[in-house]
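User: I would like to go through some of the terms used for this protein. Please set each value against its definition.

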Amino acid sequence: MSTEARAPQAPSQWGLAVLGVVALAVAAALAAYAEIHPGDGATLTTLGFAGMLEMKAWLTTAAAALVVVQVLSALAMWGRLPGVTDAPAWVSGLHRWSGTVAFLLTLPVAFHCVWSLGFEDESTRVLVHSVAGCVLYGVFAAKMLALRLRGLPSATVPLLGGLLAAVIVVLWFSSALWFFSQSGEVAY
């Protein structure tokens, strides 16, 4: 028997820093590209919707609805959902697939935001929306990486997931809710 006792694996001292750098790099790259490519407002595709803004509003609304599924399923998996002591096995699959679909729904929205509209700061609402859109993909990249990195604090993935949910809510309030509440001609 060896006299060397293996020390428990210490949390990676660089893991959180790597996540932060990845999140900032992705968000900054999107913002920089959107800033240098201001877009001409052209609609590239509407996916069957009446126009680009309708498409963006409805896809964002669907993604926001799936965020509710994400939050509830995460709370169930982590044993934090009131009244649920042991989550059924299918909840983790629901969480994964609802997250995948929510992410996929955001892609045409983000593409049009970055390519057709660019990074805008003409009003507080639009600036908040532009920043939140870039932050969304930075946090998403960090969360996906955090799922694979070992030795991170146990709260890392739930905190990143909560931040993702919060950013999607900010995006919905700063875009889809605004769009649905407009009367007359819509200008973005």
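User: What makes Tyr33, Phe111 and Trp115 a cluster?

Analyst: Ring pairs link Tyr33, Phe111 and Trp115. Rings of Phe, Tyr and Trp (its six-membered ring) pair if their centres lie within 6.5 Å; planes under 30 degrees apart count as stacked, over 60 as edge-to-face and the rest as tilted. By this rule the protein has seven aromatic pairs. This is a predicted model, in which local features need pLDDT of at least 70 and side-chain atom pairs count only at pLDDT 80 or more, while totals for chains, interfaces and linings use all residues. Residues are numbered from 1 along each chain as its sequence is written, and side-chain values use heavy atoms, with hydrogens and water left out.

User: Why is the pair of Tyr33 and Trp115 called stacked?

Analyst: The planes of Tyr33 and Trp115 stand at 20 degrees, with 6.5 Å centre to centre. An angle under 30 degrees counts as stacked, so the name applies. Tyr33 lies in helix 1 and Trp115 in helix 3, so this pair ties together parts 82 residues apart in sequence. Helices here are DSSP runs (H or I, at least four residues), numbered from the N terminus.

User: Why is the pair of Phe111 and Trp115 stacked?

Analyst: The ring centres of Phe111 and Trp115 are 6.2 Å apart and the planes are at 5 degrees, so this pair is stacked. Both residues lie in helix 3, four residues apart, about one turn of the helix.

User: What makes one space a cavity and another a pocket?

Analyst: On a 1 Å grid over the protein atoms alone, a cavity is a set of points where a 1.4 Å probe fits but cannot get out; a pocket is an open set with protein on both sides within 12 Å along at least five of seven lines. A volume is the space filled by probe spheres set on the points, which are joined across faces, edges and corners. Two cavities of 30 Å³ or more are counted, and the largest cavity has about 330 Å³. The largest pocket has about 980 Å³.

Note on methods: On a 1 Å grid over the protein atoms alone, a cavity is a set of points where a 1.4 Å probe fits but cannot get out, and a pocket is an open set with protein on both sides within 12 Å along at least five of seven lines; lining residues have an atom within 4 Å of a point. Helices (H or I, at least four residues) and strands (E, at least two) are DSSP runs, numbered from the N terminus.
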